[in-house]
Amino acid sequence: ASLLACQALAGDDEWLSPVYKDFYQFPLPIPPVKTPKTSYVNKTTGDVIDYYEIEIKPFEQQVYPGLKKARLVGYDGMSPGPTFKLEKGRESVVRFINHGDKETSVHLHGSYSRAPFDGWAEDTTKVGQYKDYYYPNKQNARTLWYHDHAVHITAENAYFGQAGFYILHDAAEDSLNLPAGDYDVPLALASKQYNKDGTLFSPAGETDSLFGDVIHVNGQPWPYFKVEPRKYRLRFLDTSVSRAFKLYFEADGALGKKIPFDVIASDAGLMTKPVQSDNLEISMAERWEVIFDFTQYAGKNVTVRNNRDVQHDEDYNSTDKVMRFVVGKEVKSQQGNGNLPGSLRSVPFPPSKSGVDRSFKFHRSNGEWQVNGVTFADVKNRILAKPPRGQVEIWELENSSGGWSHPIHVHLVDFQILSRSGGKRPVLGYEKEALKDVVLLGEGETARVIARFAPWDGVYMFHCHNLIHEDHDMMAASNVTSLGDWGYPETTSFIDP
Ligand code: C2O
Ligand code: CU
């Protein structure tokens, strides 16, 4: 397609949702930082537990001027919910009070949350009830996110607003002096579809996918964000039900010319080193963080675009646009604006081994999305693995569902992607330097991942993070059982190698 065609706004017939005319006209919302209600100090150890309360409640959002407001249900009545920012080692208890209209379960994605605090799909909190979740926060600095995980209605609950950032900091990362404060920006992507009256189209009746044609960042369709001509840390998270992105940045006057940036962190925090790239593939639930340098673009716009070749779906021209950075002329602070360190962290990759310990096929049978022939509703058979606690295993994850892709998330572990074969995408350059908790299986792809299973005993889910697939019912569980000689939590050697 010609550059001009790419740049043209989509015509009416190219929309599922009402046509949205205001690209880059509204500012990027930054979710407020959540403050604890109170903190408890353990008098013997000096350890601190911060106590928070979040109310899940309805709110309205005017997405289309002149049409009806969309009714959403979010954490503290906003979406994304407020951002948690915690120092590693500072424990937290969060009371989630359900004043929404459906049952909920809260999963802190990326956390070593021990059952029953991991958001097990059937451990739901009914309307009018609350549940207190305990989070150890003992992992290295990373971008986590909290979102709904209620059985069979996760797509609805997350899409109607229940998702937010939870960011862990630690001293090692702080010492690198990366861009911080206003120069560290969380960006939650979401692709949605609206009804003709301006209300949000529900994923409830969908059984394949809901790709959506209205791209939101932090809840606002196609926002703009004012930046200074300097370096920024951008924390990308894809909260979409079904849409993966392949992002790139382009500047005014150089359309189609992809500007390189440095990828520095993944699902599990900092990578070994910065990896330069001019595009960023991000699928549902993945977190990728980049350092983008706006220095050369003072007084110009830098637009984040989406190259739509990343997945097979019905695509709309509107989905090639994401957001715009409006670059000012003045730099107010040089904090974190220096050269990036050549190495970021000694990433605790699992010790290498050979062979495959377990294989899982993600496929479609009888109109259901399944894992090795079972669905999550198949209560008797859904525990597909019993890894001894502390054991390093290689899992082979195979996409045998034809033309679909599946981002597979394994709860409670950070894994290394050893290989990805059978499709178009080998292990990507930045994936090689990272630990992950989601791996995208494109069409026909098989990935091998290695991880230590796991810090806690208990039953934990693994599933496709296309939320329609997850709900219908491509989710199974592993039962981590104790070897009896491993010793967590007496030693933190696994949590903090
Ligand atoms: Cu982000 Cu089991 O999910
Ligand atoms: Cu899937």
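**First stop: His152**

Select His152, which sits in the loop between E8 and helix H2 (154-159). Check the backbone here: phi is positive, about 70°, although His152 is not a glycine. Most residues other than glycine have a negative phi. Is this residue buried, exposed or partly exposed? His152 counts as partly exposed because 16 other C-beta atoms lie within 10 Å, and a residue needs 20 or more to be called buried.

Before going on, keep in mind that this is a predicted model.

**Back along the chain: Asn137**

Now pick Asn137, in the loop between E7 and strand E8 (142-148). Asn137 also shows a positive phi, about 55° here, without being a glycine. The surroundings are another matter: Asn137 has 24 C-beta neighbours inside 10 Å, so it counts as buried.

**Two cis peptide bonds**

Most peptide bonds are trans. Where should you look for cis ones? Go to Ala115 and Pro116: the bond from Ala115 to Pro116 is cis, with omega near 10°. Pro116 belongs to the loop between strand E6 (106-109) and strand E7 (130-135).

Then jump to Phe453 and Ala454, which are also joined by a cis peptide bond, with omega about -10°. Ala454 lies in the loop between strand E29 (446-453) and strand E30 (458-464).

**Zoom out: the whole chain**

Show everything as a cartoon. How many helices and strands are there? The protein has five helices and 31 strands. With a radius of gyration of 22 Å, close to the 23 Å that the globule rule gives for 497 residues, the protein is as compact as a globular protein of that length.

Of the 497 residues, 49% are buried. And if you take the contacts between residues at least 6 apart in sequence, 76% of them join residues at least 24 apart.

**Colour by domain**

Give each domain a colour: domain 1 is 38-169, domain 2 is 177-327 and domain 3 is 358-480. Turn to domain 1 and domain 3, whose centres, taken over C-alpha atoms, are 24 Å apart. Where they meet, 11 residues of domain 1 are in contact with 14 residues of domain 3. What is the domain 1 side of that meeting made of? Its residues that touch domain 3 divide into six nonpolar, three polar and two charged.

**Into the seven-stranded sheet**

Next, trace the open sheet of seven strands in the order E12-E11-E10-E14-E19-E16-E17; the pairing is mixed. Which strands form the edges? Strand E12 (220-221) and strand E17 (269-277) do, each pairing on one side only. Strands of a sheet pair through backbone hydrogen bonds, either parallel or antiparallel.

Now select E10 (residues 184-192) and E14 (residues 231-238): these run parallel and are joined by six bridges. Within this part of the sheet, Asp184 stands opposite Arg233 in E14.

While strand E10 is on screen, pick Ala190, which lies in it. Ala190 counts as buried because it has 25 C-beta neighbours inside 10 Å. Leaving out residues up to four places away in sequence, Ala190 touches His216, Thr239 and Ser240.

**Last stop: colour by confidence**

Switch to pLDDT colouring. The mean for the protein is 92, and 93% of its residues reach 70 or more. Where is confidence lowest, and where is it highest? It is lowest in helix H1 (residues 3-7), at a mean of 38, and highest in E14, at 99.

Select residues 1-8, where pLDDT stays under 50; the model has five contacts for them beyond four places in sequence. Then select residues 484-497, also below 50, with 13 contacts in the model beyond near neighbours in sequence. Where pLDDT is low, the predicted coordinates should not be read in detail. For the complex, the predictor gives an ipTM of 0.98 and a pTM of 0.94.

Terms used
Residues numbered from 1 in each chain as written. Chains lettered and ligands numbered in written order. Predicted model: local features only at pLDDT ≥ 70, side-chain atom pairs only at ≥ 80, totals over all residues. Helix = DSSP H or I, 4+ residues; strand = E, 2+ residues; numbered from the N terminus. Buried ≥ 20, exposed ≤ 12 C-beta atoms within 10 Å, placed from the backbone. Domains from an automatic or database assignment. Contact = placed C-beta atoms within 7 Å. Nonpolar A, V, L, I, M, F, W, Y, C, P; charged D, E, K, R; others polar. Pairing = 2+ DSSP bridges. pLDDT = per-residue confidence, 0-100. Rg over C-alpha atoms; globule rule 2.2 N^0.38 Å.
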